[in-house]
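This report describes a surface patch and the aromatic ring pairs of one structure. Please consult the sequence and the coordinates shown here while reading.

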Amino acid sequence: MGADRTPKAVGAAWGLLVLNTLGSAGARTVVPLPRSLIQMVTMGALAAAFALALTVNLRLRVRPSAYLFLLTLLLVPSLVSSADPESGFGALFRCARLALFVGTLWLLSRWWDGGPTFVRHHIRMYFLVLGSVAAGLVVSPGAALPELYGGRLVGALWPLTPPQIGQYAAVIIGLTVLLLLGGRTDRRGAALVVVPSLVLLALTHTRTATLGLIAGLVLAIGSLFLTSAAARRFFGWTVLCAAVAAVGFGSALQAWFLRGQSQENFTSLTGRAKVWDALLAADRTASELLLGTGLGDKSFGGLPIDNSWLAVYHEQGLTGVALVAAVLVVLGGVALLRPPSLSRACAIFLISYCAIASYTEAGLGDASPYLLHLAVAASLLAAPAPAAPLPAPDVPRRRVPRWARTSEVI
C-alpha cells in the first residue's frame with residue numbers, strides 16, 4: 001500500500017496528533033493564550049484525530065505491531081495506578097488521553113507499509129510548527145528570546161519551550177538528510193528544511209537535541225555506509241567540516257554548549273540530578289513501586305523530572321519501566337535485523353534519538369512527540385502490505401454449433 005494510495009485524511013489525522021502533543025505549558029506568548037483554551041485545542045485535536053482515523057478505517061483493519069501491543073499493555077499499570085483516589089481526577093483524564101492516543105495509532109497502522117509516507121507527514125507538520133516559531137521571532141524578537149530562558153529561543157505565538165523547539169528541529173533535520181541521501185528529495189527541497197531548522201536549533205541552545213541529532217545521524221548513516229556511495233561521501237565531508245569547525249570555532253562552540261552555566265550547575269544537569277536523587281530516595285509502597293502513583297505532569301515535589309525513565313518509574317512503576325524498555329529493545333532489534341535500506345536508516349535515527357533524549361527529557365510513558373517518533377519508526381519497520389491480486393481477464397466463451405450440442409452421435 002504505497003503513499004499514492006494513502007488517503008489525505010491520514011496525513012490530517014497525523015497532523016492533529018502532532019498538535020495534541022505540543023502541550024500547554026511554555027513561555028509567554030505575544031498574545032496571551034489562556035491555558036484552558038490551549039488545552040481545549042490540543043484535546044480537541046486528539047478527539048478529531050481519532051474520529052478522522054475511524055472515518056477512513058471503518059472496518060477497523062489494523063497492521064500487527066509489537067510497538068502498539070506494548071503501548072496497549074502500558075495502559076494497564078497506567079489505569080490501575082490512576083484509578084487510586086489519591087491520584088486525583090487528572091490522572092484518569094491523562095489515562096483516557098493515552099488510551100485515545102494509542103487507539104488512533106492502531107487505526108492509522110493500516111497504512112504502515114515500510115515506506116516513507118509517515119516520515120513525510122512528520123517532517124511537514126513539525127516544519128509548520130517551526131514556521132510558527134520563526135514567525136514569532138520576526139514579529140517579536142524580545143518575546144521569542146526572553147531573559148527568563150537565558151536568551152534561548154521559545155515560541156512567541158504558541159507556548160513552546162527551547163527543548164521542544166530543539167527536539168522538533170533536530171528530528172526533521174535528521175530525517176530530511178536521510179531522505180536526501182536516499183534520493184527521495186532534491187538538494188533544494190532539503191536545504192529549504194535543513195538550513196532554517198539548523199538556525200532555530202542553534203538559537204535554542206539545546207544540548208540534548210544536538211547530541212541526539214549527531215549520534216542518531218552517525219548510527220543511521222553508518223547503517224548505509226556499505227551500500228550507499230552518497231552516505232559515504234556525506235560522512236566524509238561531515239567529518240572534514242566538523243574537524244575544521246572544531247579548530248576554527250572551538251571556543252565559540254564551547255561557549256554555546258555551556259550556555260554560561262557554572263561548573264556545578266553543568267555537572268548537576270541544570271539541577272536535574274537533585275530532583276532525581278530526591279525521587280529515588282522517596283519511600284514507596286509495594287503497589288507504588290510496581291505500578292507507580294498514576295499519570296501526572298511529570299514532576300516531583302513541584303519540579304520537573306526531565307528523565308523519561310524516572311518519570312515512568314514514578315507514574316507507572318517498575319512495570320512501566322520494563323514495558324518502555326521492551327519498546328526500545330524490540331524496535332532496535334527489528335531494525336538491526338532488517339537489510340540496509342533508507343527505511344531502516346530513518347528508523348535507526350528515530351530510535352537512537354529517543355533513547356538519547358530519554359536521559360534528560362520525559363515523555364516515553366505518555367502521549368508525547370517521542371511516542372510519535374517511535375510510531376514513525378514502527379511504520380518504517382513494518383513489512384510491506386501484500387499487493388492485491390490482479391483480476392483475472394475475461395476469457396471469451398467459445399461458441400458451440402447447435403449440431404455439436406447433442407450428447408449422441410448420429
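In this predicted model, helix H2 (residues 35–56) contributes the largest share of the nonpolar patch, namely three residues. The patch covers about 680 Å² of the surface and is made by Val30, Val31, Leu33, Leu37, Met40, Val41, Val139 and Leu157. Met40 lies in helix H2. Its relative accessible area is 60%, and Met40 therefore counts as exposed, the cut-off for that class being over 50%.

The structure holds five aromatic pairs. A pair of aromatic rings is described by the distance of the centres and the angle of the planes. Two of the pairs are set out below.

| Pair | Centre to centre | Angle between planes | Geometry |
|---|---|---|---|
| Trp276 and Tyr359 | 5.4 Å | 70 degrees | edge-to-face |
| Phe349 and Tyr353 | 6.3 Å | 35 degrees | tilted |

The pair of Trp276 and Tyr359 links distant parts of the chain, 83 residues apart. Trp276 belongs to helix H13 (residues 272–281), while Tyr359 sits in the loop between helix H16 (342–357) and helix H17 (369–381). Trp276 is buried because its relative accessibility is 8%, under the cut-off of 20%. Tyr359, with a relative accessible area of 47%, is partly exposed.

Phe349 and Tyr353 both lie in helix H16, four residues apart, which is about one turn of the helix. Both residues, Phe349 and Tyr353, are buried.

Elsewhere, Trp14, Trp112 and Phe118 are linked by ring pairs into a cluster.

Terms used: Residues are numbered from 1 along each chain as its sequence is written. This is a predicted model: local features need pLDDT of at least 70, side-chain atom pairs count only at pLDDT 80 or more; totals for chains, interfaces and linings use all residues. Side-chain values use heavy atoms; hydrogens and water are left out. Rings of Phe, Tyr and Trp (its six-membered ring) pair if their centres lie within 6.5 Å; planes under 30 degrees apart count as stacked, over 60 as edge-to-face and the rest as tilted. Helices (H or I, at least four residues) and strands (E, at least two) are DSSP runs, numbered from the N terminus. Buried means under 20% relative accessible area, exposed over 50%, partly exposed in between (1.4 Å probe, protein chains only). Patches are made of residues with over 30% relative accessible area and no salt bridge: like charges are joined within 9 Å, nonpolar side chains (Val, Leu, Ile, Met, Phe, Trp, Tyr) within 5 Å. Accessible areas come from the Shrake-Rupley method with a 1.4 Å probe; for residues, only the protein chains shown count as cover. A salt bridge is a side-chain nitrogen of Lys or Arg within 4 Å of a carboxyl oxygen of Asp or Glu.
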